[in-house]
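Good morning, and thank you for coming.

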Amino acid sequence: MKTKIGLRIEFLVFLLLLLFYGNYCTSQTKEINPPNIIVFLVDDMGLMDTSVPFLTDTNGNWVKYPLNDYYKTPHMEKLAEQGIRFTNFYAHSVCSPSRTSILTGQNSARHGVTNWIKSEENNRTEFGPTNWNWKGLTKKSITLPRILQQAGYKTIHVGKAHFGPFNSEAENPLNLGFDINIAGSSIGQPGSYLGTEGFGHTGGNKMRAVPGLEKYHGNDIFLTEALTLEANRAISQAKEEGKPFFLNMAHYAVHAPFYSDSRFEQNYKNSEKSEKAQAYATLIEGIDKSLGDILQHVKDLGLGENTLLLFLGDNGSDAPVPIENDYSSSSPLKGKKGNHWEGGMRVPFIASWVSRNEKIACQEETPIARNSAQQQQGTIMDIFSTLCHVAKVKPPKDYILDGFNLRNQFNGGKNKQRDELFLNHFPHGNHRSNYYTSLVKSEWKIIYHFQTENHTRYELFNLKKDPFETTNVSHKNPEQLNIMMKALSDEMNNKKALYPENEKGPLELIMPK
């Protein structure tokens with residue numbers, strides 16, 4: 001007969017084994033439930049196209065500007081309150097380079113897609129480099145979705161792709177590592193935002209008709225809403241299959257043509273803005289509703305705590321508001337989409353877990369500060385490295401990455417390994433700014449204008465003292481100009497950048513005297 005002491009010992013041993021087994025099972029569950037990932041990418045959405053402020057004063061306090069008061073984005077506001085905003089997040093100044101950088105983790109000067117891609121013909125422009133990467137990525141390219149796909153993720157593309165021209169491998173996102181492609185093709189803008197026009201198939205610009213979505217043709221539905229419904233269905237399907245998902249939610253909005261979304265028209269009727277500017281505001285609010293609907297759907301499926309969302313734009317704002325002395329829809333930042341100034345390449349960026357619970361494994365591994373500002377630089381190339389960390393996957397050993405893991409910055413800290421460099425290389429014409437390369441290095445920024453008209457021009461700004469680029473100090477500070485030109489030259493060489501060309505050959509950099 002067992003003694004009471006013996007029974008107690010056996011019971012304690014049983015409890016210890018039970019605890020060990022429970023912890024073991026929990027750890028195994030963690031291993032087989034990697035985080036879901038949503039990249040919520042808004043076409044042509046600039047830093048000021050929202051009610052959420054992204055600029056701070058010298059003390060780090062948020063500052064609202066008139067455009068912030070014009071737009072209505074309540075779901076972005078909620079996301080910003082539970083996550084972290086970057087005040088200095090850079091993308092390339094036009095769309096295809098940025099979109100390719102998200103997929104590759106490389107600067108456009110390295111992957112070679114340095115201009116937006118025209119579907120029908122090579123748009124290198126008059127002095128553009130002959131061998132720029134007009135055809136985009138291939139089936140053999142190393143891409144973020146392909147790496148995640150190989151790790152067991154359900155990889156979903158919804159909306160605008162614009163990775164390559166017609167009849168190229170990059171035209172179809174399925175060739176780049178996506179399991180599902182909804183409405184993505186070569187086109188860079190929608191033929192129409194209206195279901196009643198078949199999204200361009202029966203009305204609007206038929207040359208830019210949005211593929212798929214036939215079940216919505218003839219219906220009174222806006223393109224943004226149709227894409228949101230399809231994205232939520234794809235998320236549900238991934239859950240039913242028991243797979244983690246990577247959703248590249250790449251809206252066609254808010255790119256031109258500026259159709260008005262009737263659901264939100266009344267909110268801007270008394271704004272005294274132009275009809276186009278009012279229509280643009282409805283596009284912005286439609287995007288915000290999409291964000292809220294997807295966030296709610298993920299929560300309803302019980303996936304919120306295990307889903308990371310990154311919200312961003314792909315280049316500076318293209319909102320149809322007046323341009324006055326080079327200030328416009330990104331004001332107080334100078335310039336807008338396609339420009340070499342900050343307004344052409346600074347974009348909104350928010351990172352947040354869909355539902356916060358700091359005690360679960362994925363949020364412990366990648367903690368995100370609440371309602372915080374991150375003032376250290378971030379770039380569109382960082383998304384690749386960051387999401388590889390989140391998903392615990394690695395690119396091939398010898399693959400070159402130009403971005404950094406944002407983990408420490410997500411938690412409000414600084415990445416001491418960052419070089420604080422952002423190169424924007426645009427060796428093409430026919431845009432708001434032509435044939436230029438810019439480099440941000442910490443608080444300094446250099447813009448080099450290539451000598452397509454037999455002269456070279458430099459612009460130099462101290463972004464700490466002059467964040468809105470009011471004063472070109474290249475003539476007053478020749479020493480700093482030389483330092484920045486040397487840094488720009490090094491970056492160009494490191495990334496094997498292609499130069500503009502004339503009949504005599506490449507228009508290589510001319511260093512200041």
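This is a predicted model: local features need pLDDT of at least 70, side-chain atom pairs count only at pLDDT 80 or more; totals for chains, interfaces and linings use all residues.

Residues are numbered from 1 along each chain as its sequence is written, and side-chain values use heavy atoms, with hydrogens and water left out.

Let us start with helix α8, residues 275-300. Helices here are DSSP runs of H or I of at least four residues, and strands are runs of E of at least two, numbered from the N terminus. The axis of helix α7, residues 223-240, comes within 10 Å of that of α8, and the two cross at roughly 15 degrees. Axes are lines fitted to C-alpha atoms, for helices over the stretch in contact, with angles from 0 to 180 degrees between N-to-C directions. The two helices, α7 and α8, are therefore roughly parallel to each other; angles under 35 degrees count as such, over 145 as roughly antiparallel, 65 to 115 as roughly perpendicular, and the rest as oblique.

Which residues make this contact? From α7 they are T224, E225, T228, A231, N232, I235 and S236, and from α8 they are G286, I287, K289, S290, D293, I294, H297 and V298, contact meaning heavy atoms within 4.5 Å. By class, 5 are nonpolar, 7 polar and 3 charged. Ala, Val, Leu, Ile, Met, Phe, Trp, Tyr, Cys and Pro count as nonpolar, Asp, Glu, Lys and Arg as charged, and the others, Gly among them, as polar.

Helix α3, residues 74-82, also packs on α8: their axes come within 7 Å and cross at roughly 55 degrees. This pair, α3 and α8, is therefore oblique. In this contact P74, H75, M76 and L79 of α3 meet D288, K289, L291, G292 and L295 of α8.

On a 1 Å grid over the protein atoms alone, a cavity is a set of points where a 1.4 Å probe fits but cannot get out; a pocket is an open set with protein on both sides within 12 Å along at least five of seven lines, and lining residues have an atom within 4 Å of a point. Grid points are joined across faces, edges and corners, and a volume is the space filled by probe spheres set on the points.

The largest pocket has a volume of about 840 Å³. Its lining has 23 residues, with T87, N88, Q375, L463 and K464 nearest the centre. The lining divides into 8 nonpolar, 8 polar and 7 charged residues.

How many cavities of 30 Å³ or more does the structure hold? There are 3, and the largest cavity has a volume of about 40 Å³.

Finally, the backbone. Most residues other than glycine have a negative phi, and most peptide bonds are trans. The bond from A253 to V254, however, is cis, with omega near 15 degrees, and V254 is found in the loop between β8 and α8. A cis bond also joins S331 and P332, with omega about 20 degrees. L213, which is not a glycine, has a positive phi of about 60 degrees and lies in the loop between β7 and α7.
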